Amino acid sequence: MDDDQLDTVDNKTVNEVILKKNAPFLYDVIITHALDWPTLTIQWFPDAEHPPGKNYSVHRLLMGTHTSGAQQDYLQIAQIQIPHQSSRGADDGDEGGDEEDEDERGDGMELGGYGRNPHPSRIQIIQRIPHKDEINRARYMPQNPDLIATKTTSGSIYIFDRTKHASEPPMGKETVCKPDMELVGQSKEGFGLDWNPVNAGHILGASEDMTICEWDVNMYQKGHPAIEPLNTYRGHNAVVGDISWNAYRENVFASVGDDKQLMIWDTRHQDRARPMQKVQAHEKEILCVSFSPSTETLLVTGSSDHTIALWDTRNLSTKLHSFEAHTDEVLQLTWSPSHETIFASASADRRINIWDISAIGLEQTPDDAEDGPPELVFVHGGHTNRPSDLCWAPVGHKNGAGKGELDGMDWFVASCAEDNVVQVWRVGESVWAGERKTVDMEDLE
């Protein structure tokens with residue numbers, strides 16, 4: 001083993017020790033699971049089940065595989081059990097219970113890893129659909145979660161109706177990728193993929209061929225699975241890294257690329273090479289963009305320059321704010337669906353940061369300032385490799401035993417990294433509840 005490999009192992013060990021010691025103070029729940037192969041994509045399905053008499057709820061996650069050609073790739077749906085709020089803080093000194101009760105109640109911080117009373121992981125794959133090569137990104141249609149789009153390495157986007165595919169490929173038969181539709185029109189791969197949250201069936205794809213294509217899956221005709229683009233947008237002069245639909249205006253979307261440009265498009269405009277607005281948003285390549293689901297004109301962009309920028313589409317000439325805490329390129333951004341001022345960022349520095357735009361400009365003590373700017377709410381350091389994707393639990397998920405509209409799922413995040421690891425975690429109440437709940441800093445590593 002060479003020095004670099006030793007350093008990697010040492011860093012991973014130190015990271016795990018610190019996380020294990022601090023997890024009870026920083027997280028309400030943290031679940032870690034190692035997959036057979038890495039997934040580059042993860043998304044939380046909008047449904048949840050509550051088995052009678054059980055102290056956990058059952059949720060589903062959308063994932064893929066990235067085997068680099070070593071084995072068959074799959075579009076995967078996983079199932080995860082999350083302990084109810086009432087069972088997360090169960091008394092460690094509780095003795096005399098039988099083994100089954102101990103396993104059912106979800107006692108401990110993390111299932112299948114760190115925690116006061118860890119027990120086997122509750123993440124399991126419940127459906128595998130054969131896929132041609134790895135999946136760069138997978139997203140379900142918000143109006144019909146059974147309809148799943150995948151961004152492929154060939155440039156096409158595959159559409160699968162998961163209800164028309166078996167839970168497992170038939171044994172003894174050749175494994176074949178059979179998408180229900182194929183969206184064609186781009187010649188190279190990409191990662192940007194976004195369903196329109198307002199106009200059902202419309203979907204955007206960003207590509208390394210410098211184009212953005214828009215399709216309407218409602219154009220599907222039986223016997224003709226290939227669907228041509230409705231529109232192709234050619235404003236960028238380099239790789240298009242990401243796109244994001246506006247949550248309120250069905251004709252408006254944003255795009256970013258390696259040309260450092262942020263562009264705002266209106267699909268009603270006839271000139272597909274000229275966006276409504278554009279601005280050089282960063283000093284280096286822009287890798288991700290996300291419109292706020294709560295405020296029509298707000299969006300954030302993340303760049304190779306290690307920063308995140310906040311923009312208002314009413315005046316792109318002025319950047320509202322620059323978020324600076326990452327030490328490497330910003331790979332992914334996603335807004336909380338439950339708290340309108342909160343968003344999360346994933347970076348190649350192996351950190352996932354949670355930010356609060358309402359805290360911008362707040363006064364800090366010198367000690368607090370050493371930990372980062374006031375808008376930096378939390379830093380998740382659980383991954384020991386580059387995170388490839390992250391998502392929040394959807395609005396309206398219930399997790400039993402809680403009170404209020406969100407019932408304890410509003411601070412849950414799922415994230416995946418290039419080292420096969422998937423983590424599902426909830427920021428501890430001691431972090432987001434502010435002064436209502438405090439932790440003795442001497443208890444932290």
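**Figure 1. Surface and make-up of the protein chain in a predicted model.** The accessible surface of the protein chain comes to about 20100 Å², and 45% of that area belongs to carbon and sulfur atoms. Accessible areas come from the Shrake-Rupley method with a 1.4 Å probe; for residues, only the protein chains shown count as cover. Of the 445 residues in the protein chain, 52% are buried (buried means under 20% relative accessible area, exposed over 50%, partly exposed in between, with a 1.4 Å probe and protein chains only). The protein chain has five helices and 29 strands; helices (H or I, at least four residues) and strands (E, at least two) are DSSP runs, numbered from the N terminus. Among contacts in the protein chain with a separation of 6 or more, 57% are accounted for by residues 24 or more positions apart (contact means heavy atoms within 4.5 Å).

Because the model is predicted, local features need pLDDT of at least 70 and side-chain atom pairs count only at pLDDT 80 or more, while totals for chains, interfaces and linings use all residues. Residues are numbered from 1 along each chain as its sequence is written, and side-chain values use heavy atoms, with hydrogens and water left out.

**Figure 2. The open sheet β2-β3-β4-β5.** Four strands form this open sheet in the order β2-β3-β4-β5, with antiparallel pairing; two strands pair if DSSP finds at least two bridges between them. Strands β2 and β5 (124-131) are the edge strands, each pairing on one side only. From one strand to the next, the twist averages 25° (axes are lines fitted to C-alpha atoms, for helices over the stretch in contact, and angles run from 0 to 180 degrees between N-to-C directions). Strand β3 (residues 56-63) and strand β4 (residues 73-83) run antiparallel and are joined by eight bridges. R60 stands opposite Q79 in β4.

**Figure 3. The stacked pair F45 and Y140.** Rings of Phe, Tyr and Trp (its six-membered ring) pair if their centres lie within 6.5 Å; planes under 30 degrees apart count as stacked, over 60 as edge-to-face and the rest as tilted. By this rule the count comes to 15 aromatic pairs. The ring centres of F45 and Y140 are 5.0 Å apart and the planes are at 10°, so this pair is stacked. The pair links distant parts of the chain, with F45 in strand β2 (residues 42-49) and Y140 in strand β6 (residues 137-141), 95 residues apart. F45 counts as buried at 0% relative accessibility, and Y140 counts as buried at 9%.

Figure 4. W245 and F253 form an edge-to-face pair, 5.5 Å centre to centre with 70° between the planes. W245 is buried at 3% relative accessibility; F253 is buried at 0% relative accessible area.

**Figure 5. Arginines over aromatic rings.** A charge sits over a ring if NZ of Lys or CZ of Arg is within 6 Å of the ring centre and within 35 degrees of the ring normal. The charged end of R60 sits over the ring of F45, 4.1 Å from its centre. R128 lies over the face of Y74, at 4.1 Å from the ring centre.

**Figure 6. The surroundings of G205.** G205 lies in strand β11 (residues 202-206) and is buried, with a relative accessible area of 0%. Leaving out residues up to four places away in sequence, G205 touches K151, I157, Q186, G192, T211, I212, C213, W215 and I243. G205 and S244 are 39 residues apart in sequence and 9.7 Å apart in space, C-alpha to C-alpha.
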